[in-house]
Amino acid sequence: MRNRFGPLKASVPPIGQGTWQLERNERREVVRALRRGLDLGLTHVDTAEMYGNGAVEEMVAEAIEGRRDEVFLVSKVLPSNASRRGTLAACQRSLRRLRTDRLDCYLLHWPSSEHPLEDTLAAFEDLQREGAIRSYGVSNFDEEQLGKAVDSAGPGKIACNQVLYHLEERHADAELIPLCEEEEIAFVGYSPFGSGSFPSPQSRGGKVLSEVARAHGATPRQVALAFLTRLPSLFTIPRSANVAHTEENAGALKLKLSEDDLAKIGSAFPVRRRRELPTL
């Protein structure tokens, strides 16, 4: 299963592979897990210069060696580096660590308080013209910030917005996801399992997930991933440090939830709009 990634003609699997904090795990096992993910169709690989101060990009480089053309590769520039010149330099460092000549998408990791967004976007345009990046986007932008980014970049330029999104944190469903769909921007949810706070089997939501999972011969986590990618505009990037978890994540690609399933899950995990966009 693949969906169009925002304004790009590229088709990208709705479930990919996140890499945040993977530097804390044994490198050989991380590389094995990432490679197994590629084998199973999880070819959207997301990383960032911040992760392990570049160490994770180097892990990703090892995992995708010889398979670069299979991968939709995403990295991010730190806001502190996001001046026009700083963005260009940061991208080149990421490309060296990733051992590639291009990124499929390059993101501003979160809004910068140090550098004007217009400068970052101008650098993205420079990189795109040079062929160093195929597209660009943002991360952790709320509706107002995303609207300003679209106004500044122009229509059809912002490829995605990457935001915290899991069953117990559905703030984005209130207004941000509808805005992304209106602007044809891919919505990429990170930490789909709640960063260690996945619903327990004894909770109301956990019981609903287990019920739906049993009906489909799936696992509760696979059901969660299927729900979080229920629309063509939605993508998610679960992190996995071992092959077994990667294989479980990939199993969700084949899971199709019914409208009744979606209604049950939506009722168990209602949308709660926060005062500010939640982040990690």
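Two strands pair if DSSP finds at least two bridges between them; helices (H or I, at least four residues) and strands (E, at least two) are DSSP runs, numbered from the N terminus. This is a predicted model, in which local features need pLDDT of at least 70 and side-chain atom pairs count only at pLDDT 80 or more, while totals for chains, interfaces and linings use all residues. Residues are numbered from 1 along each chain as its sequence is written, and side-chain values use heavy atoms, without hydrogens and water.

**Strand β5 and its neighbours**
- Strand β4 (residues 72–77) runs parallel to β5 and is joined to it by 4 bridges.
- Strand β6 (residues 136–139) also pairs with β5 in the parallel sense, over 3 bridges.
- Leucine 108 of β5 is the bridge partner of valine 77, and its bridge partner in β6 is valine 138.

**Burial of β5**
- In a regular strand, side chains alternate between the two faces of the sheet.
- β5 (residues 105–108) is covered on both faces, with Cys105 and Leu107 buried on one side and Tyr106 and Leu108 buried on the other (buried: under 20% relative accessible area, 1.4 Å probe, protein chains only).

Methods:
Buried < 20%, exposed > 50% of the residue type's maximum accessible area, 1.4 Å probe, protein only.
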